[in-house]
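Please open the structure in your viewer and keep the selection panel at hand.

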Amino acid sequence: MPSAPKARKGTFNMKETVLAEIKQKALEEHIPILMDDTLKEMEKYLKKEKPRKFLEIGTAVGYSAICFSRYLDENGIIDTIELDEERAKIAKINIKKMELEDRINVIQGNAVDVLPNLKTGYDVIFIDAAKSKYPIFLEEALKLLKVGGIIFADNVLYKGYVLGDYNKHKQRTAVNHLREFIKLITQSDDLETKILEVGDGLAISRKIK
Ligand code: SAM
C-alpha cells in the first residue's frame with residue numbers, strides 16, 4: 001500500500017491531539033464548551049459560508065473558536081470576546097498551541113462594552129455568553145452583521161425552561177431574556193430564523209435585509 005504523506009499526517013494528528021486535550025481539560029473543569037451535536041449542525045453552514053470575518057461572543061478557553069477556524073476562508077479571521085481574564089489568558093495559550101494566533105483574536109472585556117466599538121462587516125456571529133444579555137448582544141450583532149450573514153445563538157432553549165412554564169427564581173431572569181431573544185429573532189422582518197433542538201437549543205438566523 002502506498003504510504004501517506006508523513007509530515008502532513010503527523011502535523012494533523014498532533015493538532016487533533018492538542019484539540020482533544022483542550023476539550024478534555026475544559027470538560028474536567030466544568031467549563032461549558034460547545035456540544036458535539038451543536039458543532040455538527042453549525043459545520044453544515046460554515047462549510048458553505050466559508051466566513052472571512054467571524055465574531056464570537058463568549059470565548060471561554062478558545063475551544064469553539066479553534067473548531068470554527070477550520071471553516072474560515074483562507075484569509076478569514078475570528079474575533080472572540082471573553083469577560084473573564086483568566087479564561088481569556090488560557091484561550092490565548094490554547095490558540096497559540098494550535099498555531100492559530102494569526103487567525104483568532106481574543107478580546108478580553110465585557111461584550112456589552114466591546115461590541116459597540118467593533119467594525120461592521122461580519123459574515124457570521126456566534127452568541128454564546130451570558131443568557132440574560134442575549135437581547136443586547138442581538139441588537140449589537142445586527143449592526144455588525146452583513147446582509148446575508150448568519151447569527152448563531154447557543155443555549156436558547158436552556159434545558160427546556162424557555163419553552164416550558166418554568167418560573168423559579170434562580171434562572172428566571174435568564175429564562176425571561178431568552179424568551180425575549182426568541183421573540184425578537186422570530187418576529188424580526190430582517191431575519192429568517194430556525195431553532196433546532198440540538199444541544200441546549202441552537203438558533204440560526206440569516207439577515208435577509
Ligand atoms: N464558546 C465557548 C466554547 O464553546 O468553547 C464557550 C463559552 S461559555 C458557554 C460562555 C463564556 O462567556 C464564559 O466563559 C463567560 O465568562 C463568558 N461571558 C459571560 N458574559 C460575558 C460578557 N458579557 N462578555 C463576554 N464574555 C462573557
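Which polar backbone atom is 2.7 Å from an oxygen atom of the ligand? Select leucine 34: a polar backbone atom of this residue is at that distance from the ligand oxygen, a polar contact being a pair of N or O atoms within 3.5 Å. This is a predicted model, in which local features need pLDDT of at least 70 and side-chain atom pairs count only at pLDDT 80 or more, while totals for chains, interfaces and linings use all residues. Residues are numbered from 1 along each chain as its sequence is written, and side-chain values use heavy atoms, with hydrogens and water left out.

Select alanine 111 next, where a polar backbone atom is 2.9 Å from a nitrogen atom of the ligand. Then go to leucine 83, which has a backbone N or O atom 3.1 Å from a nitrogen atom of the ligand. The ligand, taken alone, exposes 610 Å², and the protein buries 90% of that (accessible areas by the Shrake-Rupley method with a 1.4 Å probe).

Finally, zoom out to the protein chain, whose secondary structure comes to seven helices and seven strands. Its C-alpha trace spans about 60 × 40 × 35 Å along the principal axes.

Notes. A polar contact is a pair of N or O atoms within 3.5 Å; within protein, one must be able to donate a hydrogen and the other to accept it, and residues adjacent in sequence count only if both atoms are side-chain atoms. Helices (H or I, at least four residues) and strands (E, at least two) are DSSP runs, numbered from the N terminus.
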